[in-house]
Structures are given as C-alpha cells and as structure tokens.
Amino acid sequence: MQSSSWTLSEQVRFDQDRVTSAGWDSYPILRFTQTPEVMVRIVDAPGEAETGAGEVAQGPVAGAIGNAVADAVGVRARDLPLTRDRVARAIQES
C-alpha cells in the first residue's frame, strides 16, 4: 500500500519559501477508503534468511502501476506521482 501511495499520490509540496505539505492534513497520501482489499500470504521458506516481507515489493509496484497506466492510455507518464493531471499532460504531449 505504501508503494501504491508513493506512486499515485504522495508528493511533498512547496511554495517559493517553504514546504506547504507540512502535516498529514495537507500531505497527499492514499487513505484507507482509496485502497483495495489486499490478501497477504507469507510463504514459509525453511533454510532461507529472514528478511522483510514488504520491502521487496516497493520497486516493482511503481513499475507495475506505470506499465498498467501506459497500457491503458497508450502513453507513458514518467513523473511520479502518477496523478490525473500528469497522465493527462503525458497524453497531450504525445
């Protein structure tokens, strides 16, 4: 979910003098009402080193979402987060 939020909405915002998204009320982040139901399965791997279960998905999630958007609209938006405005701009510039 964190990777989806980074890819689709999270962005530190600035004006000419300072950060304007200084609190959770003004920071764009996916809310629970915006997230799909997720089923997590942890696979037992005897003999393998224990590592984090979620960290390995962080890179591929952005790529998967970016590829899905490109497949759906026919152009690749290259700036994160992949907001509606950025995808529309990519379509206009193509």
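How many nonpolar, polar and charged residues are in the lining of the second largest pocket? By class, that lining holds 6 nonpolar, 2 polar and 3 charged residues, where Ala, Val, Leu, Ile, Met, Phe, Trp, Tyr, Cys and Pro count as nonpolar, Asp, Glu, Lys and Arg as charged, and the others, Gly among them, as polar.

## Model and confidence

This is a predicted model, in which local features need pLDDT of at least 70 and side-chain atom pairs count only at pLDDT 80 or more, while totals for chains, interfaces and linings use all residues. Residues are numbered from 1 along each chain as its sequence is written, and side-chain values use heavy atoms, with hydrogens and water left out.

The protein has a mean pLDDT (the predictor's confidence in each residue, from 0 to 100) of 89, and 99% of its residues reach 70 or more. Helices are DSSP runs of H or I with at least four residues, numbered from the N terminus; confidence is lowest in helix H1 (residues 2-8), at a mean of 92, and highest in helix H3 (residues 84-93), at 95.

A pocket is an open set of points on a 1 Å grid over the protein atoms alone, where a 1.4 Å probe fits, with protein on both sides within 12 Å along at least five of seven lines; lining residues have an atom within 4 Å of a point.

## Second largest pocket

The second largest pocket holds about 250 Å³ of space. Of the 11 residues that line this pocket, Ile42, Val43, Ala49, Glu50 and Thr51 lie nearest its centre.

Note on methods
Helices (H or I, at least four residues) and strands (E, at least two) are DSSP runs, numbered from the N terminus. Grid points are joined across faces, edges and corners, and a volume is the space filled by probe spheres set on the points.
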